[in-house]
Amino acid sequence: MRNRYFLLLDMATLPLAVYLAYLLRLEELDLARYGGGLVLFTALVLIATLVAFSATGVYSRYWRYASVEEMLLLAGDLLMVVFVAGVITLLVAPWLPGGGSFPRSIPIIFYFLGLTVTAMPRFAMRLAARSTSGFRAREEGNGRPPQSVLVMGAGDAGALIVRELQNNPHLGLDPVGFLDDDLAKHDARIHGVPVLGARSDIHEMVRKFNVTQIIIAMPTAP
């Protein structure tokens, strides 16, 4: 998939999210009373989304590597979209032909629905790409069992190394655990990998997990 397909999905699903927001708020939509505000709010949402997503680079992102940063970007953009579209609709709706009623809770309800319909396809692609790459890497490994490794250091560097090993199974290295002298990190999990103990536990963990390598992920260590 390329970003033009995400653009088409956004333009198709955001009006649906607006409609669902009205249904959740009103239970039964009276088009004679609320139709003008619904059409205006939907049109403003589509225009503002296109402008905001284009300006902040949402449509130029490579969603195969989506992360928390991309989620925050979507959330921030949609918050701005909802604010602009909601304020304009509240001001303009009463002046529409026949009058237009616009419940003030619609923007709030729509925000969560809109975030769902825009984020789900993108992160579904992220999960699919990760699953596919993992399967392909295992196929390329020719069935050889991976080597068990420990990562010394459960900080940013250690987390980065574990993520890299998990994303590239063809390297043949399976991170079975972290070791860190910070007691506060013991028994925690980072990317699903447990912090097993401290440096003093190296010999025990090597025997327990049949470890063949220890990766030192401590940039400040001598």
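Strand 1 (residues 147–152) is largely enclosed by the rest of the structure, because five of its six residues are buried. Buried here means under 20% relative accessible area, exposed means over 50%, and partly exposed lies in between, with a 1.4 Å probe and protein chains only. Strands (E, at least two residues) and helices (H or I, at least four residues) are DSSP runs numbered from the N terminus. The model is predicted: local features need pLDDT of at least 70, side-chain atom pairs count only at pLDDT 80 or more, and totals for chains, interfaces and linings use all residues. Residues are numbered from 1 along each chain as its sequence is written, and side-chain values use heavy atoms, with hydrogens and water left out.

Two strands pair if DSSP finds at least two bridges between them.

On one side, strand 1 pairs with strand 2 (residues 173–179) in the parallel sense, over six bridges. Strand 1 and strand 5 also run parallel, and four bridges join them. Strand 2 is likewise largely enclosed by the rest of the structure, since six of its seven residues are buried. The table lists residues that stand opposite each other in these pairings.

| Residue | Opposite residue | Strand of the opposite residue |
|---|---|---|
| V149 | P175 | strand 2 |
| M152 | L179 | strand 2 |
| V151 | I215 | strand 5 |

**The chain as a whole**

The protein chain contains six helices and five strands. Read from the N terminus, its elements follow the order α-α-α-α-β-α-β-β-β-α-β. Of its 222 residues, 40% count as buried. The accessible surface of the chain comes to about 13000 Å², and carbon and sulfur atoms make up 62% of it; such areas come from the Shrake-Rupley method with a 1.4 Å probe, and for residues only the protein chains shown count as cover.

Contact means heavy atoms within 4.5 Å. Among the contacts in the protein chain with a separation of 6 or more, 72% are between residues 24 or more positions apart. Another example of distance along the sequence is given by L9 and P121: they are 112 residues apart in sequence, yet 8.4 Å apart in space, C-alpha to C-alpha. L9 lies in helix 1 (residues 3–26), and its relative accessibility of 33% is why L9 counts as partly exposed.

**Aromatic rings**

A pair of aromatic rings is described by the distance of the centres and the angle of the planes. Rings of Phe, Tyr and Trp (its six-membered ring) pair if their centres lie within 6.5 Å; planes under 30 degrees apart count as stacked, over 60 as edge-to-face and the rest as tilted. The whole structure holds five aromatic pairs. One of them is the tilted pair of F41 and F102, with 5.2 Å from centre to centre and 45° between the planes. This pair links distant parts of the chain: F41 is in helix 2 (residues 31–55) and F102 is in the loop between helix 3 and helix 4 (106–140), 61 residues apart. F41 is buried, because its relative accessible area is 0%. F102 also counts as buried, because its relative accessibility is 9%. Together with F110, F41 and F102 form one aromatic cluster.

**The surface**

A nonpolar patch on the surface is formed by M80, F83, V84, V87, I88, L91 and V92, with about 600 Å² of accessible area together. Patches are made of residues with over 30% relative accessible area and no salt bridge; like charges are joined within 9 Å, and nonpolar side chains (Val, Leu, Ile, Met, Phe, Trp, Tyr) within 5 Å. A salt bridge is a side-chain nitrogen of Lys or Arg within 4 Å of a carboxyl oxygen of Asp or Glu. M80 is located in helix 3 (residues 68–92), and counts as partly exposed because its relative accessibility is 43%.

**Backbone angles**

Most residues other than glycine have a negative phi. H191 has a positive phi, near 55°, and is placed in the loop between strand 3 and strand 4 (193–197). With 36% relative accessibility, H191 counts as partly exposed. N210 also has a positive phi, near 55°; N210 is found in the loop between helix 6 (202–209) and strand 5. N210 is exposed, because its relative accessible area is 60%.
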